Amino acid sequence: MGATISSCWGALPSTAELFPPTPTAYTSILCCFQYFPLITVIQWILSWHPAGKTSKESIFNIPGRIAWFAMEIVGPINLIYCMVTPSPYAPSFTDLPISNILIVTLYCTHYFNRAIISPFFSAPSMSPIHVAIMSFAMLFNWFNSACLVGWLRGYTVPTIPNFHTASSGTPSRPAVVDLLPAVGVILFAIGMAGNIYSETALFRFRREEAEKRATKKTDDETPAGGEERGSRNKFHKVYVIPPTRGVFRYILYPHYVFEWLEWIGFALAGTAVVPFSALPISASASSVAIAPPLRIAPWLVPAAWAAGKLAVPLPLPAVVFVANAVTNMLPHARWGRKWYVEKFGEKAVAGRGAVLPGCPWM
């Protein structure tokens, strides 16, 4: 047993192979991360998620704002560091085409809002987050950013199956396909704006409810000095069910749906990312940027087929990100709807689904 563990440990990539990832490490990381949806089966079965409105008292809790910042900042820090660090396997950051740099900018813009603006400036309060949740989220974001690094630095990974037909010239394709990156950027912007708007509305509802509760308190209910001794701010653990209007008219989690739209746009914009094989010779490192082949997960095959059909580069890490984001957030939305029903009643939920209109189960 000891020999087996030792051999497995020895097979793991070294730190030097991960920051930034080498082509071989890139394939290994991407291979592991594409199977994340299988892990989310646990999330469908267990409602345990000690964070946000479902957080519990625990000695393993981390203050909400600090934990959220740590969870969300891992991705952009790793991405930026690995993109600008010189590597013998890829062009330097300044030699990359503008399309690749645009995708870096979109990613970092999203996480600047998520890691800094949202917890420290928008949210009225954030409940403690269990260290296990924080750690898993940090690991998720590291894997995701590491996959994006290899892709954006031009690594080419042959996929099995491969639906792109070999051709000596430029493959013919409909002219409208060239609009996919522009459409992707527009969808990303709409999704991010909708996500921010929805979350800001939720924060506003919480502030309004906390203010109402504060004005109803009598001197007998509140000790001299305002809040109860040792309590947090007046917004702590104040949650309301969104009113049935605006983006919350038909679903309870429009911010989730908008974020999915954002990452779908990110993947479409990623069809403009230039792979290593198409980079100028002067900007290229060497042919070792060709990563070992990857057998893609069955649920990603349709995306590979569509990319081959449209004769566009497959933005595989971005597609993996979309699949993983949806499968990760979907069970949270389902359990969140159940929490709303238990807390406020089915009448207050008003038949709204979590992310699908009129679907009580979802």
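The model is predicted, so local features need pLDDT of at least 70 and side-chain atom pairs count only at pLDDT 80 or more, while totals for chains, interfaces and linings use all residues. Residues are numbered from 1 along each chain as its sequence is written, and side-chain values use heavy atoms, with hydrogens and water left out.

Let's start with helix pairs. Two packed helices are described by the angle between their axes and the distance between the axes. Helices here (H or I, at least four residues) are DSSP runs, numbered from the N terminus. Axes are lines fitted to C-alpha atoms, for helices over the stretch in contact, and angles run from 0 to 180 degrees between N-to-C directions.

Take α6 (residues 98-122) and α9 first: their axes come within 10 Å and cross at roughly 160°. That makes α6 roughly antiparallel to α9, a label for angles over 145 degrees. The crossing is left-handed, that is, the near helix is turned anticlockwise from the far one by less than a right angle. On the α6 side, the contact (heavy atoms within 4.5 Å) uses I103, L106, Y107, H110, Y111 and R114, and α9 brings E259, E262, W263, F266 and A269. By class, that comes to seven nonpolar, one polar and three charged residues. Ala, Val, Leu, Ile, Met, Phe, Trp, Tyr, Cys and Pro count as nonpolar, Asp, Glu, Lys and Arg as charged, and the others, Gly among them, as polar.

Staying with α9 (residues 254-269), it also holds H255. H255 is buried, with a relative accessible area of 7%; buried means under 20% and exposed over 50%, with partly exposed in between, using a 1.4 Å probe and protein chains only. Setting aside neighbours within four places in sequence, H255 touches N195, S198, E199 and L202.

Now for α2 (residues 23-33) and α7 (residues 131-152), whose axes come within 9 Å and cross at roughly 135°. From α2, Y26, I29, L30, C32 and F33 meet α7 residues including F140, W142 and F143. The tally is eleven nonpolar, two polar and no charged residues.

Finally, look at α10 (residues 301-310), where A304, A307 and G308 are buried. Seen down the axis, these fall within an arc of 100°, so they line one face of the helix; the arc is that of the directions from the helix axis to the C-beta atoms. P302 and K309 are exposed on the other side. Just after α10, A311 takes a positive phi of about 60°.

Conventions. Helix = DSSP H or I, 4+ residues; strand = E, 2+ residues; numbered from the N terminus. Parallel < 35°, antiparallel > 145°, perpendicular 65-115°, else oblique.
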